[in-house]
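Please look over the chain below before reading my points.

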Amino acid sequence: MRPAQKTAHFVLYTRPNDLPHARLGVVVAKRFAPRAATRNTIKRVTRELFRISELRPLDCVVRLSKAVNTKAGPATTAQLKAELRLELTRLFASQHVIKRAP
């Protein structure tokens, strides 16, 4: 698989599938997010944005490729979630995402 899109912290890999819906895989390495709470937050936010987005039939793998909780990065969960949402929204938008009405 080749990277379809990159952001500051993530890489999105995609491959067409023969199903009527998209599928998601999330990879969050311990070396990039040492705290379990941080890893779970990343996975939760990724799944949430994937669910509210309507993608064409693709297999998507989102991989964390850079440490998120560094001294220069956000320390609070609210700041972290806000940055993650922004980056992940850009990733999914690059794959022709159509937002569902709330």
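Notes on the predicted model

1. Pro20 sits in the loop between S2 and S3. Helices (H or I, at least four residues) and strands (E, at least two) are DSSP runs, numbered from the N terminus. Pro20 has a relative accessible area of 77% and is therefore exposed; buried means under 20% relative accessible area, exposed over 50%, and partly exposed in between (1.4 Å probe, protein chains only). Its C-alpha atom is 9.1 Å from that of Leu58, although Pro20 and Leu58 are 38 residues apart in sequence.

2. On the basis of these notes: this is a predicted model, in which local features need pLDDT of at least 70, side-chain atom pairs count only at pLDDT 80 or more, and totals for chains, interfaces and linings use all residues. Residues are numbered from 1 along each chain as its sequence is written, and side-chain values use heavy atoms, with hydrogens and water left out.

3. The chain has two helices and six strands. Read from the N terminus, the order of elements is β-β-β-α-β-β-α-β. Of the 102 residues in the chain, 34% are buried.

4. Which residues account for 78% of the contacts in the chain with a separation of 6 or more? They are residues 24 or more positions apart. Contact here means heavy atoms within 4.5 Å.

5. Thr7 is an example of a residue in a loop, the one between strand S1 (3-6) and S2. Neighbours within four places in sequence aside, Thr7 is in contact with Glu87 and Leu91. Thr7 and Leu91 are 84 residues apart along the chain, and their C-alpha atoms are separated by 7.3 Å.

6. Arg35 is in the loop between strand S3 (23-27) and H1. Is Arg35 buried or exposed? Arg35 counts as exposed because its relative accessibility is 52%.

7. Val45 belongs to helix H1 (residues 36-52). Its relative accessibility is 2%, so Val45 counts as buried. Not counting residues up to four places away in sequence, Val45 touches Lys81, Leu84, Arg85 and Leu88. The C-alpha atoms of Val45 and Lys81 are separated by 7.2 Å, at 36 residues apart along the chain.

8. Two packed helices are described by the angle between their axes and the distance between the axes. The axes of H1 and helix H2 (residues 77-93) come within 10 Å and cross at roughly 40 degrees. Axes are lines fitted to C-alpha atoms, for helices over the stretch in contact, and angles run from 0 to 180 degrees between N-to-C directions. H1 and H2 are therefore oblique to each other; angles under 35 degrees count as roughly parallel, over 145 as roughly antiparallel, 65 to 115 as roughly perpendicular and the rest as oblique.

9. In the contact between these helices, H1 contributes Thr38, Thr41, Ile42, Val45, Thr46, Glu48, Leu49 and Phe50, while H2 contributes Leu80, Lys81, Leu84, Arg85, Leu88, Thr89 and Phe92.

10. The largest nonpolar core has 21 residues, of which Phe10, Ile42, Val62, Leu64, Leu84, Leu88 and Phe92 touch the most other members. Such a core is a set of buried Ala, Val, Leu, Ile, Met, Phe, Trp, Tyr and Cys residues joined through side-chain atoms within 4.5 Å. Strand S2 (10-16), H1, strand S5 (58-64) and H2 each give two or more residues to this core. H2 gives the most, with five residues.

11. Leu64 is one of the core residues named above. Apart from its neighbours within four places in sequence, Leu64 is in contact with His9, Phe10, Val27, Val28, Phe32, Ala33 and Ile42.
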